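Dear colleague,

I am handing over the structure below, together with an account of what was found in it. Please have it open beside this message as you read.

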Amino acid sequence: MITLFLTLLFGNRTIEIVNPPNQAEIRTVTAYTLRPEETDSTNCETALGPRVNICEWAKREQLCATRAYPLLTRLQIGDIECIVVDRPAKKYGERIDLIMPTVEQALKYGIQSLEVKIK
């Protein structure tokens, strides 16, 4: 197993990224938006800290939230690739939440069980 330490430029945080075997897992995947009604009053701020605005980042890349993988891990979820940028509430376990641009897209996505691989 290869371990890579990445020190983020936007703070004194060190995040350990562990590359496990390229093994697929089946996980529950849902979707949400960054509206304050679905997050909190700091909807553009995540576990990466206040200097990273994911509301802008989400316009360029598919982002997701999960407790199952380290922050900044790239995941392949079915035919979607996302980057883990946040942690959902503990009550949601290890499911993966994809950030969608609209409520309609999030509702249409629904709840799915999909194969997930680390990229």
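**The largest pocket and its surroundings**

By class, the residues that line the largest pocket are seven nonpolar, four polar and seven charged, where Ala, Val, Leu, Ile, Met, Phe, Trp, Tyr, Cys and Pro count as nonpolar, Asp, Glu, Lys and Arg as charged, and the others, Gly among them, as polar. The volume of this pocket is about 330 Å³, and of its 18 lining residues the closest to its centre are Y32, E38, T39, D86 and P88. A pocket here is an open set of points on a 1 Å grid over the protein atoms alone, where a 1.4 Å probe fits, with protein on both sides within 12 Å along at least five of seven lines, and a lining residue has an atom within 4 Å of a point. Grid points are joined across faces, edges and corners, and the volume is the space filled by probe spheres set on the points.

Before going further, please note that this is a predicted model, in which local features need pLDDT of at least 70 and side-chain atom pairs count only at pLDDT 80 or more, while totals for chains, interfaces and linings use all residues. Residues are numbered from 1 along each chain as its sequence is written, and side-chain values use heavy atoms, with hydrogens and water left out.

The protein chain has two helices and eight strands, in the order β-β-β-α-β-β-β-β-α-β from the N terminus; these are DSSP runs, H or I of at least four residues for helices and E of at least two for strands, numbered from the N terminus. Of the 119 residues in the chain, 38% are buried, meaning under 20% relative accessible area with a 1.4 Å probe, protein chains only.

Y32, one of the residues closest to the pocket centre, belongs to strand β3 and is buried, because its relative accessible area is 12%. Leaving aside neighbours within four places in sequence, Y32 is in contact (heavy atoms within 4.5 Å) with E38, T39, A65, D97, L98, I99, M100 and A106. The C-alpha atoms of Y32 and Y109 are separated by 9.2 Å, although these residues stand 77 apart along the chain.

Strand β3, residues 25-32, also holds R27, which counts as buried because its relative accessibility is 14%. The side chains of R27 and Y69 are joined by a polar contact of 3.3 Å, that is, a pair of N or O atoms within 3.5 Å, one able to donate a hydrogen and the other to accept it, with residues adjacent in sequence counted only if both atoms are side-chain atoms. Beyond four places in sequence, the contacts of R27 include E94, Q112 and V116.

In the loop between β4 and β5 lies L71, buried because its relative accessibility is 12%, and its C-alpha atom is 6.8 Å from that of D86, 15 residues away along the chain. L72 is found in this loop between β4 (63-66) and β5 (74-77), and has a positive phi of about 70 degrees although it is not a glycine.

Q76 is found in strand β5, where its side chain reaches the backbone oxygen of G78 at 3.2 Å, while the backbone oxygen of I80 lies 3.5 Å from a polar atom of the Q76 side chain.

With regards

Methods. Buried means under 20% relative accessible area, exposed over 50%, partly exposed in between (1.4 Å probe, protein chains only).
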